[in-house]
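Please open the model in a viewer and keep the selection panel at hand. The stops below proceed from the sheet to the helices that accompany it.

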Amino acid sequence: LENARLFDETQRLLKETEARNAELAVINSIQQAVGAELDFQAIVDVVGDKLREVFATDDSNIHWRDEANDQVLPLYSYEHGVRLQHKPFRPKPESWWERFMRARRAEVFNPHAEPDAANVPVTPGTGRARSIMAVPMLTGNRFLGAVIIENHQRDAAFGPAEVRLLETVSASMAVALQNAQSYEAERQRVLAAERAQREAE
């Protein structure tokens, strides 16, 4: 009995180690891809494509918060493997988006009744997924955006391990996107200074 217990414990630890190694490999590959790009949208596309591969789903969304205009910008949206284009929107008071931005924590919904009860919006022209996982992109107390992964085939597709992986990836992406924004702002400042210098000359 003791040998059987030790064997089961060893198998459990082995599976946990294998799962963790897989997570680290995914995170490393995404960070390498992010490090190779400085363009804002290119980073979003690289991470979005990788996440759809990792979570074996054709449905995912990456949103960015435009604080200056109090809007949410849909940067990356796929449903059933088709790239969609959505307009920026302003979260309504007491809407799910408004509550999610204030709470700043991951949320997982499984049966259709759960997102319906929480008033999670369905984008016009799309359908309600059977599983939804939403993770915020944060820096300190600032809400920068969100990554939303959906599964239209399975209930309970996302558990603690999937949430942990997406939180790690989202944190890395938030830093990369902030750096890309700063780089682009500095590049535009230098270009403007050079134009002003040429005009003065």
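**The sheet**

Select the strands to begin: 6 of them form an open sheet in the order β3-β2-β1-β6-β5-β4, with antiparallel pairing. The edge strands, β3 (82-83) and β4 (107-109), each pair on one side only. Strands (E, at least two residues) and helices (H or I, at least four) are DSSP runs numbered from the N terminus, and two strands pair if DSSP finds at least two bridges between them. This is a predicted model, in which local features need pLDDT of at least 70 and side-chain atom pairs count only at pLDDT 80 or more, while totals for chains, interfaces and linings use all residues. Residues are numbered from 1 along each chain as its sequence is written, and side-chain values use heavy atoms, with hydrogens and water left out.

**Strands β1 and β2**

Next, select β2 (residues 71-79), which pairs with β1 in the antiparallel sense over 7 bridges. D66 stands opposite Q71 of β2.

Now centre on N61, which is located in β1 (residues 59-66). N61 is buried, with a relative accessible area of 11%; buried means under 20% relative accessible area, exposed over 50%, and partly exposed in between (1.4 Å probe, protein chains only). The side chain of N61 makes a polar contact with that of S77 at 2.6 Å. A polar contact is a pair of N or O atoms within 3.5 Å; within protein, one must be able to donate a hydrogen and the other to accept it, and residues adjacent in sequence count only if both atoms are side-chain atoms.

**Helix α3**

Select residues 96-103: helix α3 lies across β1, β2, β4, β5 (131-139) and β6 (142-151), running at about 120° to β6. Axes are lines fitted to C-alpha atoms, for helices over the stretch in contact, and angles run from 0 to 180 degrees between N-to-C directions. The buried residues of α3 are W96, W97, F100 and M101. They cover an arc of only 130° around the axis, which puts them on the same side of α3; the arc is that of the directions from the helix axis to the C-beta atoms. These residues pack against β1, β2, β4, β5 and β6, where contact means heavy atoms within 4.5 Å. After α3 comes R104, whose phi is positive, near 55°.

**Helix α2**

Finally, select α2. D39 caps its N-terminal end, with a side-chain oxygen 3.4 Å from the backbone nitrogen of Q41. The buried residues of α2 include F40, I43, V47 and L51. A56, which follows α2, has a positive phi, near 50°.
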